[in-house]
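Me: I am new to this structure and would like to go through some of its local features with you. Could we begin once the sequence and the model are in view?

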Amino acid sequence: MVIYIFTAKRTCYLLTLLIFSFSGAVFGHGVDANTEQFLLGNQGVALVPYLYIGAKHMLTGYDHLLFLIGVIFFLYRSKDILLYVSLFTLGHSLTLLFGVLHNVAINPYLIDAVIGLSVVYKGFDNLGGFQRTLGFQPNTKIAVLVFGLFHGFGLASKLQDFQLPAEGLLENLLAFNLGVELGQFMALGAILTLIAFWRRHKSFMHFSTATNTLLMSAGMLLIGYQLTGYFEGTL
């Protein structure tokens with residue numbers, strides 16, 4: 001019994017630490033110096049580097065991963081997980097390609113604030129907040145797809161800062177997007193493993209409220225930070 005309680009609490013602690021780690025990394029998320037140097041100097045098709053950059057960006061993309069944690073938190077069936085992750089993937093793939101290829105520029109602070117809002121939304125949704133406060137449940141599939149579109153514009157805004165050359169742009173973007181999906185797959189595998197282990201213990205439901213409250217807190221931290229950056233830049 002003692003071992004049971006210890007393992008359940010340890011799993012809860014690890015997931016909570018994961019959320020705090022992502023929210024604490026808010027000031028460091030972006031493009032590192034080596035990647036920036038490559039993107040500024042590259043000419044032509046470079047599939048492998050863009051594949052790597054896409055995977056690394058997703059694995060370090062705390063905002064995207066926090067949203068995914070919220071999306072899959074209460075999904076138990078594999079087909080449901082596949083459906084929701086596919087909707088998210090479709091959304092951010094479309095706007096990533098559209099935003100860069102058509103030079104659709106959105107203020108990065110505002111788009112990242114919306115991404116923070118998506119994290120708050122999913123935590124609130126997991127807590128049954130819409131049913132309790134509004135008396136109805138929004139369509140979760142549509143919400144995941146729509147927020148996926150915003151996440152894609154967030155990815156696009158990171159690349160648009162570097163004014164990528166037209167030569168090989170489509171090929172490089174496709175490689176970057178594939179890298180994003182590979183990074184998402186790896187991160188999702190780790191998150192699902194952790195949550196699946198935790199679900200075997202009764203503490204999962206007991207601590208699920210606290211975890212989703214922390215998820216909302218992390219999202220609000222993201223919103224506050226991004227809006228502060230936006231208003232400081234406009235003054």
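Reply: One definition comes first: a residue is called buried under 20% relative accessible area, exposed over 50%, and partly exposed in between, with a 1.4 Å probe and protein chains only. This is a predicted model, in which local features need pLDDT of at least 70 and side-chain atom pairs count only at pLDDT 80 or more, while totals for chains, interfaces and linings use all residues. Residues are numbered from 1 along each chain as its sequence is written, and side-chain values use heavy atoms, with hydrogens and water left out.

Me: Is Arg 77 buried, exposed or partly exposed?
Reply: Arg 77 forms a salt bridge with Asp 80 (a side-chain nitrogen of Lys or Arg within 4 Å of a carboxyl oxygen of Asp or Glu), and the closest N and O atoms of the pair are 2.9 Å apart. Asp 80 counts as buried, at 18% relative accessibility. Arg 77 has a relative accessible area of 47%, and therefore it is partly exposed.

Me: How many salt bridges does a search of the whole structure find?
Reply: Besides the pair of Arg 77 and Asp 80, a salt bridge joins the side chains of Asp 125 and Lys 122, at 2.9 Å from N to O. Another has the side chains of Asp 112 and Lys 158 meeting at 3.4 Å, N to O. For the whole structure, the number of salt bridges found is 3.

Me: In which helix do Asp 125 and Lys 122 both lie?
Reply: Asp 125 is buried, as is Lys 122. The two residues are 3 apart, about one turn of the helix, and the helix that holds both is α6.

Me: What is the phi of Asn 103 near?
Reply: Most residues other than glycine have a negative phi. Asn 103 is found in the loop between α5 (78-101) and α6 (108-126), and it is exposed, with a relative accessible area of 59%. Its phi is a positive value in a residue other than glycine, near 55 degrees.

Conventions
Helix = DSSP H or I, 4+ residues; strand = E, 2+ residues; numbered from the N terminus.
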